[in-house]
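Subject: Model for your files

Hello,

Here is the model we talked about, with the sequence alongside. My notes follow below it.

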Amino acid sequence: MAKILTLTLNPALDVTIGLDALHPGQVNRSQAQHSHAAGKGLNVAQVLADLGHSVTVGGFLGCDNLQPFEALIDWRGFADCFVRVPGETRSNIKLVEADGRVTDINGQGPEVDAAAQTSLLRRLEQVASGHDAVVVAGSLPRGISPDWLRQLLDQLHAQGLKVALDSSGPALRAGLQSAPWLVKPNTDELAEVLGLALHSPAQRRAGAEQLLASGIEHVVVSDGAQGVNWFARDLALHARPPKVRIASTVGAGDSLVAGMVHGLLLGEAPAQTLRRATAIAAQAVTQIGFGIRDREQLARLEAGVQLTEQQEGCR
């Protein structure tokens, strides 16, 4: 298996509250509550660990509430490359209703100053080169600019790493300029950064071709229950997941990224890579929390994924 680095620049303590239905402006009583250390890169890391990879995790953590994050790192056996900063890592509240609708209330997180930014770059200079790939995922904390993110990605690329990027908005726009190995926007995120309508398969492929022409090797575009489109040179595949009972959509995209990186690093056939990655994402929405918990369920979901090959690949 591979050695993979995941970077979560703006992690969060996810507090998931289950409700029958949300009634704004009224007293709501929860049916269940769970809290766990999270953030897109940490979520990816947990799935990669379950797939058998050796994982290093890094980014920025607030000193005032380290315990749940350090407990996760210790439990999972991750190598710890996080830089500690003053303040408290943010909390993200997820209100999950019985019908699967999720309302997110995301915190801001600590301010990351120039010294901490330099510290992370220097730490990565020392440890990143020993990895096969790096996943940079999530939003930017206060104090981090999109230009700094591009500097980070350029450094990782110069160290010979395959870089997978999963972000949105200005961070995604800046990151694309570094021509990552793989990007995983959803349809709305890709439409926003390209300034294009991406309603039809042809429009999505045209948008992906722009990114491929810039040097990006793999463009993976998620579209919720409608499935996943994967574009690469001479490859255009669509996967539709089987229908599942939704517990929470949190972490589905992160699970997809992990599945794609897993299959690509192992050199598997494209159909197998996308089929498994889509099944891992489908399993993620059936549970609260992150990781592959039921191998038999995953096998059933994988068998239910429908793959369609586009008539023409991207060139």
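Two residues are in contact here when heavy atoms of theirs lie within 4.5 Å. Please bear in mind that the model is predicted.

On that definition, H53 touches M1, A2, I4, L48, H262 and L266, leaving aside residues up to four places away in sequence. H53 itself is found in the loop that runs between α1 (40–50) and β4 (54–62). The relative accessible area of H53 is 6%, and anything under 20% counts as buried, so H53 is buried. One of the residues it touches, H262, is also its partner in a polar contact: the two side chains are joined at 2.7 Å.

The other item is a sheet. It is open and has 4 strands, in the order β3-β2-β6-β7, with mixed pairing. β3 (32–38) and β7 (102–106) are the edge strands; each has a single partner strand, so one side of each has no neighbour in the sheet. Direction ignored, neighbouring strands are turned against each other by 15° on average.

One of the residues involved is N92, whose bridge partner in β7 is N106.

Helix α2 (residues 67–76) packs on this sheet, where it touches β2 (12–19) and β3. The direction of α2 makes about 70° with that of β3.

Regards

Note on methods:
Residues are numbered from 1 along each chain as its sequence is written. This is a predicted model: local features need pLDDT of at least 70, side-chain atom pairs count only at pLDDT 80 or more; totals for chains, interfaces and linings use all residues. Side-chain values use heavy atoms; hydrogens and water are left out. Two strands pair if DSSP finds at least two bridges between them. Helices (H or I, at least four residues) and strands (E, at least two) are DSSP runs, numbered from the N terminus. Axes are lines fitted to C-alpha atoms, for helices over the stretch in contact, and angles run from 0 to 180 degrees between N-to-C directions. Buried means under 20% relative accessible area, exposed over 50%, partly exposed in between (1.4 Å probe, protein chains only). A polar contact is a pair of N or O atoms within 3.5 Å; within protein, one must be able to donate a hydrogen and the other to accept it, and residues adjacent in sequence count only if both atoms are side-chain atoms.
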